[in-house]
Amino acid sequence: MNHSALRREFSDLIEVDAPVERLAGGFTFTEGPIWHPRDQYLLFSDMPADMRRRWDERGGVREVMKPSNKCNGMTYDANLGLVICEHATSSLVRERDGRRDILASHFEGKELNSPNDVCVRSDGSIYFSDPWYGRMPVYGVERPRQLGFQGVYRVPPNDGGPQLLVDRNLFEQPNGLCFSPDERILYVNDTVRALIRAFDVNADGTLGPDRIFASGIRSELEPGVPDGMKCDSAGNVWVTAPGGVWVYSRSGALLGKVRVPELVANLHWGKSDWRTLFMCATHSLYAVRTKIGPHIEPFMRANTLGGASSSAQGSQPERARAKDGLHLDPSRCALIIQDMQNDVMMDGGAFAESGAPQHAREQNVVENIRRLAEVCRSRGVMIIHVWFVVEPGAPGVTLNAPLFEGLVDSKAMVRGTWGAAPVAGLEPQPGDHIVQKIRMSAFEGSNLEIVLRSGGRDTIIDTGAWTNMSIEHTARTGADKGYFVVVPEDCCSTMNADWHRASVQYAMTNVAAVTKADDVIAALS
């Protein structure tokens, strides 16, 4: 059964002939898959059978809880507490260390309908959908509804009562939901209306006005509806749909369809490399290998950012320095593009007399970075543009070093001017991040680390201008902070070849893996 590629980008996500493996069967209706990052097993629910089951490669499937209150969607919080949507109790609960805590059960004094799907944000807040499927026969316990609407809620990090986030009449049956990799967008689908809505997430965790991200997710020929939904590390949205799973780009374009023999209700990536997509179908559990993995959710960081790690996973530096060459996990990498601005790189710029434009041409640095960035975007690497931007009059720039004195004297990198703009070919693309600074290191006085942590990135691919200054200082700071730093030296330039060689051949060898753009591209494969 070949998958359907509707756009070329689909082949960057999954092989069109990737086999879909049936791992187990004989269930009633499976839902809620979630992968344990440390102990390497999948939990999933069988609502009509009122049972929670577990699958792992060594033992196959076994029962772990019955009755399970007809649980549906599940996830973990950052401490690997299991967060569960229960149909039979109309509650959102958390199980941890033998304790069972009710996170939400009522709104305005009335019982919730039946929490259905759930996701956790990096600040610890929990978002869940509340259709009324759990008050229907088979999938829950048949009983009257107390609320007159179906909503989407947020439980704050302090475990306060649920906050209604959407208009009461917006959804008919809100179901699957997931965040974009930077957590700035929350996607929520409506099963009955066969569409996905997108909301901008405000600083306080509330949601802005909705917009239709995708619609018409239905077919007269194949069974399937929008139900479970996940976002990959590149921001593509994978949603259950007729015939299996449909994949949408960040812009809402339908890229392709993953074909599955049974109606799929929910999905989740797992295994040690996060490249196996598990799919809970009607009576069976399926899996397929993908080229891309999920965006990093908080519970995954327990295994990737300094917490307890599985021997199968390994730390990024251990795997990156494997004996057979450089290996990089795209879902853990960020490409930093520093100071690639007209004043630095172009003839006629404020620093043209330094020799920077000539050395940039010798290095072919603009084209090398552009090519590397294109590959990184296709493989889910976070792209961060770091710009040196000075306000008119240079307030806040201290004259404590010749570099900063020359910057102020030259009136360089002033906001809104041609000199501060990015060079042609390296303009930010949708989904890229922009970080501003007024020092050499990209970390100093900027929000770079916040952006990196929000995406679960612990590996930096450091590129751009001023090899011996901005690039070197960022590599040193990154190493001190615990990041694994990769410097493709043909994606860097400075005033001349001598300064460049001194930095990449001596100064940076103890703080970074110095390599080439083609080696980085190969390592991301």
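Where does V138 lie? I found V138 in the loop between β14 (126-130) and β15 (151-155).

Ground rules before I go on. This is a predicted model, where local features need pLDDT of at least 70 and side-chain atom pairs count only at pLDDT 80 or more, while totals for chains, interfaces and linings use all residues. Residues are numbered from 1 along each chain as its sequence is written, and side-chain values use heavy atoms, with hydrogens and water left out.

I checked phi at V138 and got a positive value of about 75 degrees, although V138 is not a glycine. A194 also has a positive phi, about 55 degrees, and is not a glycine either. I noted both because most residues other than glycine have a negative phi, and most peptide bonds are trans. A194 sits in the loop between β18 (185-190) and β19 (195-201). Its relative accessibility is 2%, so A194 counts as buried (buried is under 20% relative accessible area, exposed over 50%, partly exposed in between, with a 1.4 Å probe and protein chains only).

Then the peptide bonds: K66 and P67 are joined by a cis one, with omega about 0 degrees. I placed P67 in the loop between β6 (60-65) and β7 (71-76).

**Entry: G134**

Buried or exposed? G134 is buried, because its relative accessible area is 0%. Skipping residues up to four places away in sequence, I see G134 touching H87, S114, Y139, G140, V141 and R143 (contact means heavy atoms within 4.5 Å). I also took a distance to I102, 32 residues away along the chain: the C-alpha atoms of G134 and I102 are 17 Å apart.

**Entry: S249**

S249 is in the loop between β23 (244-248) and β24 (254-259). With 10% relative accessibility, S249 counts as buried. Its side chain makes a polar contact with the side chain of S251 at 2.8 Å. For the record, a polar contact is a pair of N or O atoms within 3.5 Å; within protein, one must be able to donate a hydrogen and the other to accept it, and residues adjacent in sequence count only if both atoms are side-chain atoms. Beyond four places in sequence, S249 touches F213, N236 and L255. I also looked at R7: S249 and R7 are 242 residues apart in sequence, yet their C-alpha atoms are 10.0 Å apart in space.

H433 is in strand β30 (residues 433-437), and at 6% relative accessibility H433 counts as buried. Leaving out neighbours within four places, I listed its contacts as D182, R184, M382, I383, I384, H385 and V451.

Which side chain does the side chain of S470 make a polar contact with? I found K437, at 3.3 Å. S470 itself belongs to helix α8 (residues 467-480) and is buried, with 3% relative accessible area. K437 is also on the contact list of S470, along with Q338, D339, M440 and A465, with neighbours within four places left aside. Going 24 residues along the chain, I put the C-alpha atoms of S470 and T494 at 9.5 Å from each other.

**Entry: whole-protein numbers**

I counted ten helices and 34 strands. The radius of gyration is 25 Å, which agrees with the value near 24 Å that a compact globule of 525 residues would have (taken over C-alpha atoms; the globule rule is 2.2 Å times the number of residues to the power 0.38). The C-alpha trace spans about 80 × 50 × 45 Å along its principal axes. Buried residues make up 59% of the 525. Among contacts between residues at least 6 apart in sequence, 59% join residues at least 24 apart.

The accessible surface is about 20400 Å², with 49% of that belonging to carbon and sulfur atoms; the areas come from the Shrake-Rupley method with a 1.4 Å probe, and for residues only the protein chains shown count as cover.

Note on methods. Helix = DSSP H or I, 4+ residues; strand = E, 2+ residues; numbered from the N terminus.
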